[in-house]
Amino acid sequence: MNMRRIMKKAALLLTVSMVLMTLAGCGGEKAAETLNLFTWDGMFPQEVLSGFEKEYGIKINYSNFDYDEDMLAKLETAKGGDYDLVIADDYIIEIAIAEGLVKKLDKSKLTNLANVDPVFQGHFYDKTDEYTVPYGAGIPLIVYDPEAVDIEITGYEDLWNPALKNNVALIGNYRVIDGIVLKIMGKSFNENDTAVIEEAGKKLLDLAPNVRLISDNNTQDYLISGEAAAGFLYTSQVTMALAARNDLKVVYPKEGLGFGIMAGFIPSQAPNEDAAHKFLDYILRPEIAAQCFEYIGYVCTNKAAVEYLSEEARQSLSLPEEAKSGEFIMDISAEANEVHERIWTEFKAALN
């Protein structure tokens with residue numbers, strides 16, 4: 001009798017266990033779909049990210065990098081995997097495409113692609129527009145407080161003036177900073193002659209006494225607070241500085257401008273390329289794009305979004321006439337880049 005009860009109880013437990021397993025496999029909660037987004041910090045307003053998650057039921061896993069080179073190193077290590085969508089600068093995208101780390105877009109899934117302004121398409125890093133979708137353009141510029149300095153700043157070379165000792169804030173992109181020295185010398189941002197780059201490095205060292213700080217993040221805050229009297233800033237930072245203080249002056253350096261486009265691309269082994277296409281198409285919607293551009297403060301690359309921008313934003317986020325003569329920073333030889341990296345290390349060491 002006891003044995004029968006034991007066997008009956010065991011059979012009941014087995015049945016219950018099987019039912020629970022079935023429920024777990026069929027009726028349990030499905031794991032949420034995820035989009036792994038990799039870009040700089042603060043590239044999207046939260047309402048845009050939340051709106052996408054709510055509409056598509058796809059959770060955004062947002063991770064960020066500080067420099068384009070950091071992004072490329074991680075993408076190389078992952079062999080084009082780990083991330084579904086990356087937004088980075090043009091010159092680094094060119095390298096990623098050449099290394100086979102970028103997947104061609106499925107344009108049948110991008111119903112809003114026609115909203116992109118053709119001015120920002122067909123450039124060196126993706127001449128046939130097969131791999132990327134532009135997400136803003138920019139021209140690094142000088143901003144300064146005319147009441148806090150005794151000189152008029154008209155170009156890059158003025159940043160070397162002793163009147164600006166310990167008063168200049170710089171962004172942290174070494175190709176851009178080394179590049180402005182090359183422009184002073186009448187050369188290209190993309191100079192490959194290592195002897196010329198070495199010469200630029202010597203001149204860059206002379207700037208060290210004037211540099212208060214180097215930062216890629218929120219560099220404009222030092223101008224706004226008055227901690228620095230002059231700064232060389234990214235476009236978004238220029239926009240924020242002027243919004244906070246209309247007494248600051250913007251300078252389009254006489255030696256020539258740099259110009260760049262940041263764009264989104266799907267890595268070659270993206271775990272969820274379908275989610276990446278959905279997100280790209282979502283941010284190409286005019287009203288969504290307008291929210292993004294007003295937030296990031298870069299030149300608007302979506303022609304259909306312009307009518308959704310505020311009047312103030314339309315003026316500040318349109319492509320300036322001066323930018324049309326700007327020079328793209330492009331990939332250079334490994335030897336030239338090696339010299340740039342060494343120069344940058346020496347320059348930062350001279351600041352301490």
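Trainee: Why is Val238 called buried in this model?

Mentor: The model is a predicted one. Val238 has a relative accessibility of 5%, and buried means under 20%. Since 5% falls under that limit, Val238 counts as buried.

Trainee: Where does Val238 lie, and with which residues is Val238 in contact, leaving aside its neighbours within four places in sequence?

Mentor: Val238 lies in helix H8, residues 235–244. Apart from neighbours within four places in sequence, Val238 is in contact with Leu141, Val143, Leu233 and Val250.

Trainee: What makes helix H9 largely enclosed by the rest of the structure?

Mentor: Helix H9 covers residues 273–283, and eight of its 11 residues are buried, so it is largely enclosed by the rest of the structure. The buried residues of H9 are Ala275, Ala276, His277, Phe279, Leu280, Asp281, Tyr282 and Ile283.

Trainee: How many disulfides does the chain have?

Mentor: The count comes to zero disulfides. A disulfide requires two cysteine sulfur atoms within 2.5 Å. For Cys292, the closest cysteine sulfur is that of Cys300, 10.0 Å away, which is too far for a bond. For Cys300, the closest cysteine sulfur is in turn that of Cys292, at 10.0 Å.

Trainee: Are these cysteines buried or exposed?

Mentor: Cys292 has a relative accessible area of 0% and is therefore buried. Cys300, at 10% relative accessibility, counts as buried too, because the limit is under 20%.

Trainee: Why are helices H5 and H12 called roughly perpendicular?

Mentor: Two packed helices are described by the angle between their axes and the distance between the axes. Helix H5 (residues 174–184) and helix H12 (residues 334–351) pack at an angle of about 95 degrees, with their axes 10 Å apart. Angles of 65 to 115 degrees count as roughly perpendicular, so H5 is roughly perpendicular to H12.

Trainee: Which residues make the contact between H5 and H12?

Mentor: From H5 come Tyr174, Arg175, Ile177, Asp178 and Leu182, and from H12 come Asn337, His340, Glu341, Ile343 and Trp344. These residues of the contact divide into five nonpolar, two polar and three charged.

Trainee: What is the phi of Asn166, and why is Asn166 called partly exposed?

Mentor: Asn166 has a positive phi of about 55 degrees, although it is not a glycine. Its relative accessibility is 37%, which lies between the limits of 20% and 50%, so Asn166 counts as partly exposed. Asn166 has its place in the loop between strand S6 (141–144) and strand S7 (168–170).

Trainee: How are the glycines Gly42 and Gly186 classed by accessibility?

Mentor: Gly42 has a relative accessible area of 36% and is therefore partly exposed. Gly186, at 62% relative accessibility, counts as exposed, because that value is over 50%.

Trainee: Where are Gly42 and Gly186 placed?

Mentor: Gly42 has its place in the loop between strand S1 (33–39) and helix H2 (46–56). Leaving aside neighbours within four places in sequence, Gly42 is in contact with Tyr62, Tyr295 and Ile296. The C-alpha atoms of Gly42 and Phe279, 237 residues apart along the chain, are separated by 16 Å. Gly186 is found in the loop between H5 and helix H6 (194–205). Between the C-alpha atoms of Gly186 and Thr132 the separation is 32 Å, at 54 residues apart along the chain.

Trainee: What is the average pLDDT of the chain, and where does pLDDT stay under 50?

Mentor: The chain averages a pLDDT of 90, and 91% of the residues score at least 70. pLDDT stays under 50 over residues 1–29, for which the model has two contacts beyond four places in sequence.

Trainee: What does the secondary structure of the chain come to, and how much of the chain is buried?

Mentor: The secondary structure comes to 12 helices and 12 strands. Buried residues make up 51% of the 352 residues in the chain.

Technical notes
Residues are numbered from 1 along each chain as its sequence is written. This is a predicted model: local features need pLDDT of at least 70, side-chain atom pairs count only at pLDDT 80 or more; totals for chains, interfaces and linings use all residues. Side-chain values use heavy atoms; hydrogens and water are left out. Buried means under 20% relative accessible area, exposed over 50%, partly exposed in between (1.4 Å probe, protein chains only). Axes are lines fitted to C-alpha atoms, for helices over the stretch in contact, and angles run from 0 to 180 degrees between N-to-C directions. Helices (H or I, at least four residues) and strands (E, at least two) are DSSP runs, numbered from the N terminus. Angles under 35 degrees count as roughly parallel, over 145 as roughly antiparallel, 65 to 115 as roughly perpendicular and the rest as oblique. Contact means heavy atoms within 4.5 Å. Ala, Val, Leu, Ile, Met, Phe, Trp, Tyr, Cys and Pro count as nonpolar, Asp, Glu, Lys and Arg as charged, and the others, Gly among them, as polar. pLDDT is the predictor's confidence in each residue, from 0 to 100.
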